[in-house]
Amino acid sequence: MQVDAIPLSIKYKINYPDEFIEAVKRGEIVATRCKNCGSVYFPPQKDCYNCGKNEMEWIKVSNEGEIMTYSIVSQKPQGFENYKDYIIGIVRTKDGINLMAWIKGQPKVGGKVRLTTDDTRIIGEVV
């Protein structure tokens with residue numbers, strides 16, 4: 001049995017701060033830290049959800065981390081249909097920040113990665 005479906009097309013834009021986009025283009029990963037309470041946010045936030053203040057500063061995130069979990073993506077979402085299978089992982093950096101990265105190499109939970117960017121996304125290269 002086959003069911004006709006309505007084509008799905010969703011387009012949205014995420015407005016990351018310019019400082020974040022420029023850092024990614026330079027190969028750096030940055031987060032924001034509240035000057036009042038010290039809470040750290042990745043992805044960067046303009047306001048602190050912990051204390052409600054809006055005095056944030058940019059901090060550079062460590063480029064070393066450990067794979068917490070990962071998934072091999074073979075059923076790609078819209079817009080990624082032409083990509084080969086790829087691996088997405090959650091990496092905890094040395095500074096304790098959890099972030100999502102495309103993983104290159106043979107991943108294993110607890111494995112070490114070196115974080116970089118490819119101008120548009122965060123890459124975790126297995127070391």
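Lys-76 and Asp-85 are joined through their side chains by a salt bridge, with an N to O distance of 2.7 Å; the term stands for a side-chain nitrogen of Lys or Arg within 4 Å of a carboxyl oxygen of Asp or Glu. Lys-76 is partly exposed at a relative accessible area of 22%, and Asp-85 is partly exposed at 48%. Here buried means under 20% relative accessible area, exposed means over 50%, and partly exposed lies in between (1.4 Å probe, protein chains only). This is a predicted model, in which local features need pLDDT of at least 70 and side-chain atom pairs count only at pLDDT 80 or more, while totals for chains, interfaces and linings use all residues. Residues are numbered from 1 along each chain as its sequence is written, and side-chain values use heavy atoms, with hydrogens and water left out.

The whole structure holds seven salt bridges. Another of them links Lys-112 to Glu-66, with the closest N and O atoms 3.2 Å apart. This pair connects distant parts of the chain, since Lys-112 belongs to strand 7 (residues 112-117) and Glu-66 to strand 4 (residues 64-73), 46 residues apart. Strands are DSSP runs of E with at least two residues, numbered from the N terminus. Lys-112 is partly exposed at 47% relative accessible area, and Glu-66 is partly exposed at 30%.

A salt bridge also forms between the side chains of Arg-26 and Glu-28, at 3.0 Å from N to O. Arg-26 is exposed, with a relative accessible area of 54%, whereas Glu-28 is partly exposed at 23%. Through shared partners, salt bridges join Arg-26, Glu-28 and Lys-60 into one network.

Lys-60 also has a place in the strand pairing, as the bridge partner of Val-30 in strand 3. Strand 1 (residues 30-34) and strand 3 run antiparallel and are joined by five bridges. They belong to an open sheet of three strands with the order 2-1-3 and antiparallel pairing, where two strands pair if DSSP finds at least two bridges between them. Strand 2 (40-41) and strand 3 (56-60) are the edge strands, each pairing on one side only.

The loop between strand 2 and strand 3 contains Lys-53, which is partly exposed at 41% relative accessibility. Beyond its neighbours within four places in sequence, Lys-53 is in contact (heavy atoms within 4.5 Å) with Cys-34, Asn-36, Asp-47 and Cys-48. The C-alpha atoms of Lys-53 and Cys-34 are separated by 7.5 Å, although the two residues are 19 residues apart along the chain.

Note on methods. Helix = DSSP H or I, 4+ residues; strand = E, 2+ residues; numbered from the N terminus.
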